[in-house]
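Thank you for making the time this morning. I would like to walk slowly through one model, so please have the sequence and the picture open beside you.

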Amino acid sequence: MTDGTYQAFHKEQIRSLKLSQFQGKWLVLVFYPGDFTFICPTELQELGELYPEFQKLGAEVLSVSTDSVFVHKAWRDTSPAIKNIQFPMVADPTGRLSREFGTYLEDEGVSLRGSFLVDPDGVLKVGEIHDNSIGRNGRELLRKLQAAVHVREGKGEVCPANWKPGDKTLTPGLDLVGKI
């Protein structure tokens with residue numbers, strides 16, 4: 001990842017941030033096409049409600065669109081779904097960050113819906129991009145973070161499909177080949 005400086009609307013202020021400042025933490029990047037739209041507020045509202053759970057896992061959430069920080073502020077000031085958002089809302093008006101993550105639609109000047117989990121070492125662990133007509137599931141993104149954290153802290157274990165904290169894990173080995 002490149003380490004450009006981006007503006008974000010956060011805690012009633014415009015702040016500058018770099019992705020490198022999150023080194024040592026999990027980073028959850030959530031790209032969306034635009035403020036004042038239809039699906040986006042439902043996604044960000046859900047992420048806002050789940051934000052304390054992400055934080056408990058040592059993660060920071062950044063929402064990213066090609067809107068300016070001023071549009072982010074206006075959206076937060078007027079939308080009931082967005083008014084309680086506590087995570088930084090990153091402005092990407094040039095599409096630089098969206099291009100870096102492969103979500104930018106050149107012909108439209110907006111981002112596709114993309115969700116990315118970056119580990120504390122800066123390594124991409126999860127990436128999902130889908131059409132702008134389909135909203136994402138914030139709880140599933142949280143589950144993926146829980147699995148990634150568990151694997152990172154585990155003893156060579158991996159998480160099978162639909163794994164949730166407390167479920168059994170797998171220890172990869174030849175003894176499992178053809179037995180699952």
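This is a predicted model: local features need pLDDT of at least 70, side-chain atom pairs count only at pLDDT 80 or more; totals for chains, interfaces and linings use all residues.

Let me begin with a term: a residue is called buried when its relative accessible area is under 20%, exposed when it is over 50%, and partly exposed in between, with a 1.4 Å probe and protein chains only. Arginine 99 is, on that scale, partly exposed, with a relative accessible area of 39%.

Residues are numbered from 1 along each chain as its sequence is written, and side-chain values use heavy atoms, with hydrogens and water left out.

Helices (H or I, at least four residues) and strands (E, at least two) are DSSP runs, numbered from the N terminus, and arginine 99 belongs to helix H3, residues 96-100. If contact means heavy atoms within 4.5 Å, then arginine 99 touches Thr94, Tyr104 and Glu106, with residues up to four places away in sequence not counted. Its C-alpha atom is separated by 8.4 Å from that of serine 111, twelve residues apart along the chain.

Histidine 72 makes a second example, and it sits in helix H2, residues 69-78. Is histidine 72 buried or exposed? Histidine 72 is buried, because its relative accessible area is 0%, and, leaving aside neighbours within four places in sequence, its contacts are Phe9, Tyr32, Asp35, Ser65, Asp67, Met89, Val90 and Ala91.

Now to the interior, where a nonpolar core is a set of buried Ala, Val, Leu, Ile, Met, Phe, Trp, Tyr and Cys residues joined through side-chain atoms within 4.5 Å. The largest such core has 24 residues, and Val28, Leu44, Phe54 and Leu145 have the most contacts inside it. At least two residues of this core come from each of strand S3 (26-31), helix H1 (40-56), strand S4 (59-65) and helix H4 (138-153), with H1 giving the largest share, six residues. A second, separate core has 15 residues, including Tyr6, Phe22, Leu29 and Val118.

Turning to the strands, two of them pair if DSSP finds at least two bridges between them. Strand S8 (residues 113-118) and strand S9 (residues 124-130) pair in the antiparallel sense over six bridges, and serine 115 has glutamate 128 in S9 as its bridge partner. These two strands form a hairpin with five residues between them, and glycine 122 in the turn has a positive phi of about 85°.

Most residues other than glycine have a negative phi, and most peptide bonds are trans. With that in mind, please look at lysine 11, which has a positive phi of about 55° although it is not a glycine, and which lies in the loop between strand S1 (5-10) and strand S2 (13-18). Lysine 11 is exposed, with a relative accessible area of 54%. Glutamate 12 is found in the loop between S1 and S2 as well, and its phi, near 65°, is also positive in a residue other than glycine. Glutamate 12 is partly exposed, since its relative accessible area is 48%.

That is where I will stop, and I am glad to take questions.
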